Amino acid sequence: MKQSLRQSMASLHTWAGLLVGWVLFFMFLTGTLGYFDTEIDRWMRPELPVGQLQPSQRTGIEIGLERLAAAAPDATQWTLYPPSGRDVYHVSLYWVDDAGEHSETLDHDTGRPLEARATGGGQALYQLHYLLRYLPYGAATWIVGFCSMLMLTVIVSGVITHKRIFRDFFTFRPRKGRRSWLDLHSLFSVLALPFHLMITYSGLVFFVFTYMAFVVSATYGDGPEASSRFFDDAFRNPAVPEAAGVPAPMASLTELAARADALWGEGQIRSIDVRHPGDANARVILTRSHVDPVSNGGRIVFDGVSGALLEHTDRRSGPTAVNDALLGLHEGLFATPVLRWLYFAAGLIGTAMIATGLVLWTAKRRTANAGRAHVGLAPVERLNVGTIIGLPVAIAAYFWANRLLPVTLEGRADLEMNALFVVWLLMLAHAAVRPVHRAWAEQALFASAAFGLLPVVNALTTDIGLAATVPAGDWMLAGVDLTALACGAGFAAAARRLRRLRAGDRARVPAAPEPAGRRLREASQRS
Amino acid sequence: MSLPPRLPRPPSALDENPGKAATQATGHGAAPAFGARAGIAARVLAAGLGGCVVASVGAAALAAVLPMPRGDAVMAAVLLSFAIYVAAIVWAFAARSALRALCGIAAAAGLSLLVLAVAGSGLR
């Protein structure tokens with residue numbers, strides 16, 4: 001196995017990419033949808049009031065406190081998320097008492113909890129990209145880590161393989177079979193290369209203390225106590241004392257919030273976390289909204305009784321700030337609408353990069369070995385169809401299930417997600433039994449119908465159809481429908497093209513006898 | 001792994017002129033010879049398992065020698081660990097022979113372990 005560096009990197013790129021390509025496609029696509037998780041959440045809860053204006057943080061805090069005083073007087077911990085723009089639109093509450101954990105989202109006009117159908121929403125959809133599904137947390141974490149590490153390897157080896165990164169960027173040879181796929185793959189890869197690298201590396205960093213637990217234990221010793229010592233050191237975690245068991249009057253939380261405003265700027269509070277409310281050892285921990293990547297991890301700790309400032313993490317160290325910034329960049333919670341769409345586009349480009357890479361693998365083997373197909377060609381081709389188009393169809397099915405399953409059905413949130421995976425399996429089965437060229441075109445047709453009709457289903461089953469949301473100027477809701485329409489149109493165009501393209505392809509592939517195929521293959525490798 | 005697999009002796013011309021190695025057929029469905037397969041398996045092991053050891057032990061050694069408070073040093077080291085890992089993987093496949101790949105990874109792991117043992121002894 002003696003080869004030039006470029007060749008060995010090309011093999012590494014090809015085979016490592018193929019091994020995890022489909023999982024990576026799944027992770028990239030569901031993760032990309034996560035950039036609009038809140039919008040999807042909102043769309044999947046059509047019962048929520050339409051056109052409500054967001055109140056100020058101050059008002060939101062007052063509404064939340066009032067509700068907590070009534071609903072959770074005996075809580076040992078509670079957390080209030082005041083409205084802070086896109087990501088936290090309504091006042092959200094979380095508390096722990098003897099009965100367990102509770103959470104609520106409040107209608108800021110009435111101060112009462114909002115009621116909506118049970119759904120995993122955009123959250124469950126975006127969590128798929130790192131929790132997967134039907135797997136224990138630990139197993140999912142390691143699978144995701146394995147795939148991400150290979151993704152990083154594939155990116156680096158791809159860059160080394162690439163001879164003329166700049167020139168190839170401006171090269172596109174359409175309708176040339178494998179060359180076109182190669183050009184497209186290079187284009188998608190180079191176009192958003194910094195994003196691909198950032199998203200892969202920072203994705204690994206999310207679970208770095210699981211994957212690299214050895215580094216912590218080699219320095220701090222084994223066991224949970226040692227690792228919590230490390231976290232206290234690195235993140236300057238505030239020490240929260242046990243409850244004193246002595247009741248004490250709390251400092252005014254609105255006043256503490258105002259002091260946070262003075263330190264951070266108006267309206268930048270993400271959460272107010274109160275430990276041991278009403279106890280002499282009460283602590284109030286405020287975290288900061290992500291107004292930019294670096295503000296992720298910003299935190300202030302007050303003594304809940306005296307109101308003394310105990311901790312202000314804007315003094316955190318360089319490495320911790322880098323860690324926080326990487327995670328902040330990955331989540332992109334700070335992104336304003338234009339930047340958010342750019343994030344979305346970059347995510348789709350990454351998804352398309354993986355898809356074209358997978359197709360390129362088959363295109364190379366189909367044309368290079370015209371005589372006898374590569375043994376992996378059939379399964380790879382079919383997995384490609386059932387994933388590259390089948391998964392989008394399955395995601396559309398998730399939205400359909402949200403609208404079509406009875407609202408009062410027991411366990412409907414889980415059923416919605418099951419619908420996604422059942423439809424994905426059906427698409428894989430369809431891809432397995434149909435002739436490959438037909439499977440591509442047919443599934444593209446399914447996808448165009450599944451997305452194109454989604455706004456129709458929405459309009460028929462809810463009050464938040466485009467006819468209502470567009471005149472009301474509710475672009476958050478209308479945006480989901482319009483994006484579905486755009487996807488439908490895109491897939492329809494793809495279906496049209498695929499039907500013609502595949503017909504042409506079939507005519508071009510000669511049925512050569514086996515030995516000739518072998519010679520052809522060897523010749524193509526020499527060239 | 002105790003012994004690296006024996007590899008077929010490549011033509012000597014290739015040693016002097018690796019740029020021409022392009023004529024060596026490897027992938028694309030042609031079943032590679034047993035030696036080549038063993039070589040690939042060895043590199044995969046060196047990259048996957050060896051790289052994992054190099055990344056974790058290397059990062060731990062880095063944490064021991066970085067001149068900053070302990071928590072910050074560990075944080076900096078773990079953030080770099082994936083870069084170490086990917087470098088090890090790339091090296092395992094870029095090395096001229098599978099034997100070199102195995103030896104290189106083993107050497108990097110050994111060196112990291114040594115640094116960790118010397119510099120890290122006073123840490124805990």
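Predicted model: local features only at pLDDT ≥ 70, side-chain atom pairs only at ≥ 80, totals over all residues.
Helices here are DSSP runs of H or I at least four residues long, numbered from the N terminus. The model scores ipTM 0.89 and pTM 0.89. Chain A has 21 helices and 7 strands, whereas chain B has 4 helices and 0 strands.

**Confidence**

- The mean pLDDT of chain A is 90, with 93% of its residues at 70 or more.
- Chain B averages a pLDDT of 79, and 72% of its residues score at least 70.
- In chain B, pLDDT stays under 50 over residues 1-30, for which there are 51 contacts beyond four places in sequence.
- Helix α1 of chain B (residues 12-16) has the lowest mean pLDDT among the elements of that chain, at 32. The highest, 97, belongs to helix α3 of chain B (residues 70-94).

**Chain A overall**

- Chain A has 21 helices and 7 strands. Its radius of gyration is 26 Å, close to the 24 Å that the globule rule gives for 527 residues, so chain A is as compact as a globular protein of that length.
- The C-alpha trace of chain A spans about 90 × 60 × 40 Å along its principal axes.
- Of the 527 residues in chain A, 44% are buried.
- Among contacts in chain A with a separation of 6 or more, 70% come from residues 24 or more positions apart.

**Domains of chain A**

- The domain assignment gives domain 1 as residues 1-48 + 118-233, domain 2 as 53-115 + 237-315 and domain 3 as 369-527.
- The centres of domain 1 and domain 2 of chain A, taken over C-alpha atoms, are separated by 34 Å. Contact between these two domains takes 5 residues from domain 1 and 6 residues from domain 2.
- On the domain 1 side of that contact there are 2 nonpolar, 1 polar and 2 charged residues.

**Helix α4 of chain A and A:L33**

- Helix α4 of chain A covers residues 121-131, and its buried residues are A:G121, A:G122, A:A124, A:L125, A:Y126, A:L128 and A:Y130.
- These buried residues pack against five helices of chain A: α1 (5-33), α2 (37-43), α5 (137-161), α15 (377-404) and α16 (412-433).
- A:L33 is placed in helix α1 of chain A. A:L33 counts as buried because it has 23 C-beta neighbours inside 10 Å, the cut-off being 20 or more.
- Apart from neighbours within four places in sequence, A:L33 is in contact with A:I40, A:L125 and A:Y126. Both A:L125 and A:Y126 are among the buried residues of α4(A).
- A:L33 and A:G347 are 314 residues apart along the chain, with 8.4 Å between their C-alpha atoms.

**A:P455**

- A:P455 sits in helix α18 of chain A, which runs over residues 454-461.
- With 21 other C-beta atoms within 10 Å, A:P455 is buried.
- Setting aside neighbours within four places in sequence, the contacts of A:P455 are A:G465, A:L466, A:D481, A:A484 and A:L485.
- A:P455 and A:R58 are 397 residues apart in sequence, and their C-alpha atoms are 37 Å apart in space.

**Chain B**

- From the N terminus on, the elements of chain B run α-α-α-α.
- Of the 124 residues of chain B, 38% count as buried.
- Among contacts in chain B between residues at least 6 apart in sequence, 76% join residues at least 24 apart.
- Helix α4 of chain B (residues 98-120) has 23 residues, which at 1.5 Å a residue should span 33 Å; its end C-alpha atoms are 32 Å apart, in agreement.
- The buried residues of α4(B) are B:A98, B:A101, B:L102, B:I105, B:A108, B:A109, B:S112 and B:L116.
- An α-helix has 3.6 residues a turn, so residues three or four places apart point the same way.
- The cover over the buried residues of α4(B) includes elements of both chains: α10 (213-220) of chain A, and α2 (34-65) and α3 of chain B.

Key: Residues numbered from 1 in each chain as written. Chains lettered and ligands numbered in written order. Buried ≥ 20, exposed ≤ 12 C-beta atoms within 10 Å, placed from the backbone. Helix = DSSP H or I, 4+ residues; strand = E, 2+ residues; numbered from the N terminus. Contact = placed C-beta atoms within 7 Å. Rg over C-alpha atoms; globule rule 2.2 N^0.38 Å. pLDDT = per-residue confidence, 0-100. Expected span 1.5 Å × (residues − 1). Domains from an automatic or database assignment. Nonpolar A, V, L, I, M, F, W, Y, C, P; charged D, E, K, R; others polar.
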